[in-house]
Amino acid sequence: LAIIDSKCQLVKQIIPHPIQIQIPKAKKHYFDDGASFGLSQENKSEPVDNPSQDTDSPPTNWFLKLFQLNKPTTQPSTVTQPQNSPLSVQSTSNTSNTCSVAIGNSKIIVCTGNLTTQAVDIIVVCSTSSILCNAIISAAGHQVKTIYDQQSLYGSLTFETTGGNLPCKKILFRPWTCDKNQPQNLKQSIDAFITSVIASARGYNLTTIAFPSIGCGQLGHDPKLIAEYMIAETYRQLNILVHSQFVVSFVLLPEQRNVYDAFSDRLNQLQPVEDKPISISFDKQTVRIKLTGTNNNQLIEYQNKIKQLARSSSFKVHLTDTNDVSDWPQDVIQKYYDYCLQRRVIPTLDIENSILDLKGSKDAVLDAEKYFFQLTAETLRNARLSLLSCGFIWSVETSPGKWEPYSYRTNGLIEDAQLNKRSYVAFLNEKSEQCQIIFSCMEEVYQKRKRKVRRTRIDSSLPNYWDLSSSSSIQRIVLSALSKEYKEAVNQFDSTMKNKYTNIMKIERIQNVRWYKQYAAHRDEFTQRYGKSEERRLFHGCSSTSADKIVQECFNRAFAGANGILYGQGVYFHEHAIYSHNYARSGLLNERTMFLALVLIGKTSVGDPSMKVPPQGFDTTTDGKHIFVVYHDAGAYAIGVTTRIQKFNPVRYPFPIHSKNQSVLTQSSSQKSNRMFMVASAYGLARLHSCHLYFTPVIIDEMKLIFIFDLSRFLISTTMFNSIMRNLSKQITKESRSITCQYIPELTRPNAISSGRLFELQGYWQSYLHFHVYRDELRNQIFIPKQSVIERVSKLFIHIYKRKFKFKPNFSLGNHQLFKKQLTQSKWITWIRIHVRRTDFLLTNYSSSDEYLLSSIEYYKKRYANAHFIVASDDKRYCINLFRHQPNIFITSVSFSNGDDLIALSLCQHSIVTGGTFSWWAAYLTSGEVIHDKVYPSGCERDEYYYPPWFMLPEQIRAHNNSNYAV
């Protein structure tokens with residue numbers, strides 16, 4: 001109307017025009033037997049010398065072969081048993097009779113054989129049949145048996161497990177009972193049984209199912225009725241899902257010939273259902289516009305403008321290379337077409353050529369395009385979940401030590417071929433290379449290239465972020481303060497506890513495999529029952545002793561009542577940490593422990609003290625606000641335990657290592673480095689045994705002259721330590737150990753320092769073996785130079801660059817590691833550190849000889865053409881004289897403190913170590929090559945004092961004047 005501006009008459013007519021829009025069929029994926037890739041006959045045949053393979057005819061996926069039949073057939077076939085076949089349901093014959101019928105894209109199969117050897121996605125087990133259950137779990141192995149026993153303990157009959165040792169992906173346990181005297185209920189109960197299984201299969205995106213017969217054994221039902229109802233309901237379900245691709249097999253015991261006859265007779269009465277092309281009726285609309293006026297040229301102008309408007313309103317998108325659409329199942333294709341047509345967008349999807357065309361209004365087409373990519377992502381995610389459910393992943397070694405997993409689709413093809421005992425499988429990889437995997441040698445072959453492949457077990461029932469490197473089924477993993485888990489726990493805790501505690505000692509992830517799997521199975525039941533898990537993250541406070549028991553044994557409601565039963569006799573949880581804090585029992589150090597748990601709420605009702613279980617139809621009880629009471633031992637899982645100290649803090653290990661040096665503090669470099677040995681040893685033992693730490697204020701102050709020295713997560717205050725000392729005679733025992741440069745191996749053994757003990761270090765703890773396992777923490781978290789020290793030391797290196805290379809470098813001094821990286825990356829200089837200790841060593845003749853120093857310097861000069869040396873010493877005048885003819889040797893400033901000297905040396909790449917602990921620490925704090933003299937005569941064993949990678953020169957050089965040893 002705006003176009004014609006009332007200058008002519010316009011009549012618009014909308015004419016409906018029904019059309020049929022063809023929906024493409026989903027692509028079927030089959031194993032390639034090698035023919036399409038032009039494999040040679042030699043490649044197609046199996047190795048004759050491999051006794052595990054059948055050289056007469058390659059084993060095949062029997063249900064996929066049957067899948068290609070179009071009408072009911074009956075034929076004998078040999079059942080191929082896998083090597084080391086697990087115990088199967090008792091069978092008297094190795095042969096199997098098979099008949100089948102196609103239902104659209106799907107198929108129903110009746111055969112005799114062993115249920116435990118079926119290489120399908122799902123094996124169905126009647127959980128009310130003890131004979132069948134015992135046979136299945138015996139064959140499936142320990143993992144499945146553990147879950148089965150736990151579910152049986154809870155009285156649960158509906159649950160799933162992984163396949164365990166069986167070649168299936170999942171085992172579905174479903175109950176079925178029907179009194180023989182009530183035949184009117186038989187059909188209804190069987191219908192529910194079949195429907196439940198097929199619905200679960202669709203939910204897991206799994207398509208091949210193996211059923212046993214039910215009710216034909218001890219229950220004594222008529223096999224003809226059982227066969228009629230089981231096959232009829234399966235037929236009905238597959239008719240509804242006619243465009244999906246299911247293979248449902250009924251695996252019957254060979255000795256029950258009457259049962260097989262009943263099932264095969266019933267199956268042969270079915271009519272195959274043809275998979276006809278799918279089409280949808282769509283009301284396409286034609287808009288007819290009639291213009292009437294007196295000016296013909298004007299009418300033509302308006303006509304062209306209206307056509308232009310129509311063209312601009314219509315929008316087309318042409319997408320190519322949409323390869324992932326070949327993974328779309330039929331229901332996803334149907335879903336996408338429904339979405340488009342509801343928005344009056346006409347899609348044309350060419351699956352074979354991976355092309356999509358969309359036509360409609362611009363906004364609707366763009367929405368349809370976005371939805372296409374969303375569905376593709378969902379399909380790939382479901383493929384990944386399907387892959388995880390099978391329990392194995394296949395990878396290829398693309399370079400030495402580097403393994404790359406195959407795509408989800410290819411992984412499924414390889415795994416299915418392996419389970420069906422094929423000698424090889426052929427496939428097209430992501431680079432369009434025609435490859436095959438030879439299972440006998442576990443190699444991928446492409447033309448002349450051969451690469452190793454491997455099959456790795458995965459456990460999809462456990463979180464993918466768990467650390468499964470240990471064989472232990474119960475672990476407490478201390479979380480990094482930088483991790484997402486840690487931050488999420490702290491944020492939830494601090495929502496009500498901020499500023500009400502001193503600090504967090506640690507947060508541990510609880511990894512109890514058995515407990516988690518029981519909880520996950522219980523959560524799956526909630527999801528099936530309510531459509532979602534109804535899971536919340538709640539807190540639970542308790543004593544440290546109870547915390548240890550909970551980690552081992554879960555939240556046991558047998559202990560209900562310890563803190564009241566106002567809302568029921570179960571385990572209590574609260575949304576707010578500050579509430580649970582009141583139930584966290586304080587230890588001697590006023591430490592408190594609190595769990596953060598995943599809790600299944602489900603349907604909840606207000607509780608009262610008389611309730612031992614929730615009311616009928618409910619899962620938990622509540623106060624109506626923030627408290628929830630759980631009555632099922634698997635109804636909650638502790639994802640973490642928070643350890644906090646002082647006023648509001650829990651901790652697991654309440655008693656500290658006390659570090660005390662018996663020497664009087666001085667400003668000598670030897671005393672400072674001795675103190676570092678003491679600190680490092682105390683830290684290493686405390687970390688190893690999960691103890692608190694206490695250092696005297698003098699030690700802390702001395703360390704903080706040089707280092708940031710942040711040990712707040714481990715240290716306790718002097719006030720608290722004094723409180724402990726006052727309780728020594730009551731509840732705490734004290735042990736002191738004074739040594740001189742010894743390694744005490746028994747202290748590094750488990751439980752060497754247990755709760756209830758105060759362990760005091762005295763003397764000279766100068767063996768790296770007490771702390772080396774925590775070397776990275778010492779270097780990167782404890783002994784970190786202060787910013788002021790870095791800035792002073794940088795002036796030395798800037799001065800050298802200006803003097804040597806006539807330019808002033810612009811160093812970034814943000815931190816020690818950054819500064820060192822800039823120094824070591826320079827191609828102009830390789831920095832070597834030397835420390836020369838003389839003053840007190842001259843009196844004992846322990847000072848390293850000049851000959852040793854000069855020979856070590858010559859070694860590095862020959863090794864590194866650009867070698868430059870930084871020398872620190874307690875006798876710098878002597879060093880200036882000794883090295884006066886060495887232009888590449890620089891002495892640290894006389895204004896430098898001992899701490900400045902230590903940090904300057906630690907910035908170098910390689911070391912010359914002389915006698916004394918100062919020189920030792922200058923080398924240990926960094927990496928690189930380290931030359932040391934023969935023996936530092938302080939009573940240390942050489943292999944307990946010198947770090948193993950350090951080495952000596954081959955020349956016969958006296959290390960020092962008071963030694964009979966030669967280098």
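I289 sits in strand β10, which spans residues 278-292; strands here are DSSP runs of E with at least two residues, helices are runs of H or I with at least four, and both are numbered from the N terminus. With 36% relative accessibility, I289 counts as partly exposed. Buried means under 20% relative accessible area, exposed means over 50%, and partly exposed is in between (1.4 Å probe, protein chains only).

A quick word on the source: this is a predicted model, where local features need pLDDT of at least 70, side-chain atom pairs count only at pLDDT 80 or more, and totals for chains, interfaces and linings use all residues. Residues are numbered from 1 along each chain as its sequence is written, and side-chain values use heavy atoms, leaving out hydrogens and water.

Now for the whole chain. The protein chain holds 27 helices and 37 strands, and 50% of its 967 residues count as buried.

Elsewhere, helix α3 (residues 130-140) has buried residues including L132, C133 and I136. After α3 comes G141, with a positive phi near 105°.

Then there are the charged pairs. A salt bridge is a side-chain nitrogen of Lys or Arg within 4 Å of a carboxyl oxygen of Asp or Glu, and that rule gives 27 salt bridges. Here are three of them:

| Pair | N to O distance |
|---|---|
| D191 and K187 | 2.8 Å |
| R236 and E233 | 2.8 Å |
| R536 and E575 | 3.2 Å |

D191 and K187 are about one helical turn apart, because they lie four residues apart in helix α5 (residues 186-203). D191 is buried, at a relative accessible area of 16%, while K187 is partly exposed at 40%. R236 and E233 are three residues apart in helix α6 (residues 223-240), so about one helical turn separates them. R236 is partly exposed at 42% relative accessibility, and E233 is buried at 3%.

What about R536 and E575? That pair links distant parts of the chain, 39 residues apart: R536 is in strand β22 (residues 535-542) and E575 is in the loop between β23 (571-574) and α15 (577-581).
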